[in-house]
Amino acid sequence: MSVKTISIVSYLTIIGWIIAYFSNKNQDSKSELASYHLGQSMGIFIFGVILNIILGFIANVVSSSGVILFLLGLVPLIFIILGIITANNEALKPVPIIGTYFEGKFNF
């Protein structure tokens with residue numbers, strides 16, 4: 001796989017992330033672009049899990065907040081789309097809002 005493809009696939013579900021991780025690991029020289037986007041996508045997945053736990057708790061406490069919680073649940077999807085666009089442009093730019101927090105946290 002090319003470096004650009006590895007970077008894009010890393011955002012496509014956790015199975016896509018695993019495929020991208022092993023593809024990057026098996027290359028002779030690890031790409032900075034692929035490693036960066038592996039870290040960003042892992043950060044989005046972690047953020048998504050934490051957000052869904054919080055939203056699930058809020059939904060159990062306040063049952064009339066369904067539409068707002070649904071829209072907040074789409075935030076990780078928006079981050080994934082923005083990450084794919086950035087990976088397609090071959091840029092090392094963090095995902096808005098949460099991306100700077102996950103820069104340098106993971107060493108892939």
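**Notes on the predicted model**

1. Of the 108 residues of the protein chain, 35% count as buried, where buried means under 20% relative accessible area, exposed means over 50%, and partly exposed lies in between (1.4 Å probe, protein chains only). This is a predicted model, in which local features need pLDDT of at least 70 and side-chain atom pairs count only at pLDDT 80 or more, while totals for chains, interfaces and linings use all residues. Residues are numbered from 1 along each chain as its sequence is written, and side-chain values use heavy atoms, with hydrogens and water left out.

2. The secondary structure of the protein chain amounts to 6 helices and 0 strands, and the pattern read along the sequence is α-α-α-α-α-α. Helices (H or I, at least four residues) and strands (E, at least two) are DSSP runs, numbered from the N terminus. The C-alpha trace spans about 55 × 20 × 20 Å along its principal axes.

3. Among contacts (heavy atoms within 4.5 Å) between residues at least 6 apart in sequence, 68% join residues at least 24 apart.

4. The protein chain exposes about 6500 Å², of which carbon and sulfur atoms supply 68%; accessible areas come from the Shrake-Rupley method with a 1.4 Å probe, and for residues only the protein chains shown count as cover. There are 5 positive and 4 negative side chains, and the centres of the two sets lie 7 Å apart. Lys and Arg count as positive and Asp and Glu as negative, with His and the chain ends not counted, and the place of a charge is taken as NZ of Lys, CZ of Arg, CG of Asp or CD of Glu.

5. A nonpolar patch on the surface is formed by I46, I50, I54, F57, I58, V61 and V62, which together have about 610 Å² of accessible area. Patches are made of residues with over 30% relative accessible area and no salt bridge, like charges being joined within 9 Å and nonpolar side chains (Val, Leu, Ile, Met, Phe, Trp, Tyr) within 5 Å; a salt bridge is a side-chain nitrogen of Lys or Arg within 4 Å of a carboxyl oxygen of Asp or Glu. One of the patch residues, I58, lies in helix α3 (residues 32-61) and is partly exposed, with a relative accessible area of 33%.

6. L51 is also found in helix α3, but is buried, with a relative accessible area of 16%. Not counting residues up to four places away in sequence, L51 touches L72, V75 and P76. The C-alpha atoms of L51 and M1, which are 50 residues apart along the chain, are separated by 32 Å.

7. G83, in helix α5 (residues 75-88), counts as buried at 1% relative accessibility. Leaving aside neighbours within four places in sequence, G83 is in contact with Y11, H37 and V95. From G83 to G48 the C-alpha separation is 14 Å, across 35 residues of sequence.

8. Two residues deserve a check of the backbone. Most residues other than glycine have a negative phi. E90, which is not a glycine, has a positive phi of about 55°, and I97, likewise a residue other than glycine, has a positive phi near 70°.
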